[in-house]
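Here is a short report for a reader new to this structure. Look over the sequence and the model, then read on.

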Amino acid sequence: MAPLRSSPLQWLCSLLLLASAASALKFELPSHGGAENHKKERCIRNFVGQETLVVVTATVDGYKGDGMTVNIHIRDALGNDYAKAKDVVGESRSVFTSHADAAFDVCFENIQTGTRRPNPSFRHVELDIDIGADAKDWSAIQATEKLKPVEADLRRIEELTAEIVREMDYLRTREQKLRDTNESTNTRVKWFGIGTTWLLIGLWGWQIMYLRAYFRSKHLI
């Protein structure tokens, strides 16, 4: 029997699925006094395109009444607020659609609520951010549309490919804008340099004429 060979389509599917797979981020969130909460936020930043589905899942250990309160604030660089979760314990899920092409931050703060410092004085946080096609519930889509597993995988890969194409188009557009700005700046600097050179030449000529007239008036030349 001849050995099985992977087709280019299978290689592409594997690469796309591997690129879309991302493990959750785990970290410790130390507590602090509430008076300094604006300085003690821990934020995780990610970029998202306009009108893109985003699912943020955060799992926080501990229990209510342990002397700590974990709050979550999701906002983008343009000032849009997407979610504000207070006193989070266990799993917290936030689903939103982005308003613009911008970076968004998932910020955590752990405030001490008791008079005594808790022991331990931190919470464990597990964060998972799914964007675009990864944020969709493909099991539900497969059941609703009665798709085969292969068809569901192909649909997912198709959407992942479309997202990559849109991202490349966005990057190309930004590169064009930056290139146009660079060329415009170079042109302005060039004309500024030419104008400054002619100004210095004119000033040099005026100084020579002035000094010659001054020396003649003093009968030095």
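Predicted model: local features only at pLDDT ≥ 70, side-chain atom pairs only at ≥ 80, totals over all residues.

Aspartate 87 sits in the loop between β5 and β6 (90-97). Its phi is near 50 degrees, a positive value in a residue other than glycine.

Glutamate 51 also has a positive phi, of about 55 degrees, and is not a glycine. The loop between β2 and β3 holds glutamate 51. With 58% relative accessibility, glutamate 51 counts as exposed.

## The nonpolar cores

The largest nonpolar core has 23 residues. Ile74, Phe104, Val106, Phe108, Leu127 and Ile129 touch the most other members. Several strands give two or more residues to this core: β1 (25-30), β2 (42-48), β3 (53-60), β4 (68-76), β5 (81-85), β7 (102-112) and β8 (122-131). A second, separate core has five residues, including Trp138, Ile141, Leu147 and Leu160.

Take valine 106 from the largest core. Leaving out residues up to four places away in sequence, valine 106 touches Arg42, Cys43, Ile44, Val56, Ile72, His73, Ile74, Leu127 and Ile129.

## Aromatic pairs

A pair of aromatic rings is described by the distance of the centres and the angle of the planes. The count here comes to six aromatic pairs. In one of them, the rings of phenylalanine 27 and phenylalanine 108 have their centres 5.6 Å apart. Their planes stand at 70 degrees, so the pair is edge-to-face. This pair links distant parts of the chain. Phenylalanine 27 belongs to strand β1 and phenylalanine 108 to strand β7, 81 residues apart. Both phenylalanine 27 and phenylalanine 108 are buried.

Phenylalanine 96 and phenylalanine 104 form another edge-to-face pair. Here the figures are 5.8 Å centre to centre and 80 degrees between the planes. Phenylalanine 96 and phenylalanine 104 are both buried. Ring pairs also link Tyr82, Phe96 and Phe104 into a cluster.

## A nonpolar surface patch

Which residues form a nonpolar patch on the surface? They are Leu200, Leu203, Trp206, Tyr210, Leu211, Tyr214, Phe215 and Leu220. Together they have about 850 Å² of accessible area.

Leucine 200 is one of these patch residues. Helix α3 (residues 149-217) contains leucine 200. Is leucine 200 buried or exposed? Its relative accessibility is 53%, so leucine 200 counts as exposed.

How values were computed: Residues numbered from 1 in each chain as written. Heavy atoms only, no water. Core = buried A, V, L, I, M, F, W, Y, C linked by side-chain atoms within 4.5 Å. Buried < 20%, exposed > 50% of the residue type's maximum accessible area, 1.4 Å probe, protein only. Helix = DSSP H or I, 4+ residues; strand = E, 2+ residues; numbered from the N terminus. Contact = heavy atoms within 4.5 Å. Phe/Tyr/Trp six-rings, centres within 6.5 Å; stacked < 30°, edge-to-face > 60°. Patch = residues over 30% accessible without salt bridge, like charges linked within 9 Å, V, L, I, M, F, W, Y side chains within 5 Å. Areas by Shrake-Rupley, 256 points an atom, 1.4 Å probe, with all protein chains shown as cover. Salt bridge = Lys/Arg side-chain N within 4 Å of Asp/Glu carboxyl O.
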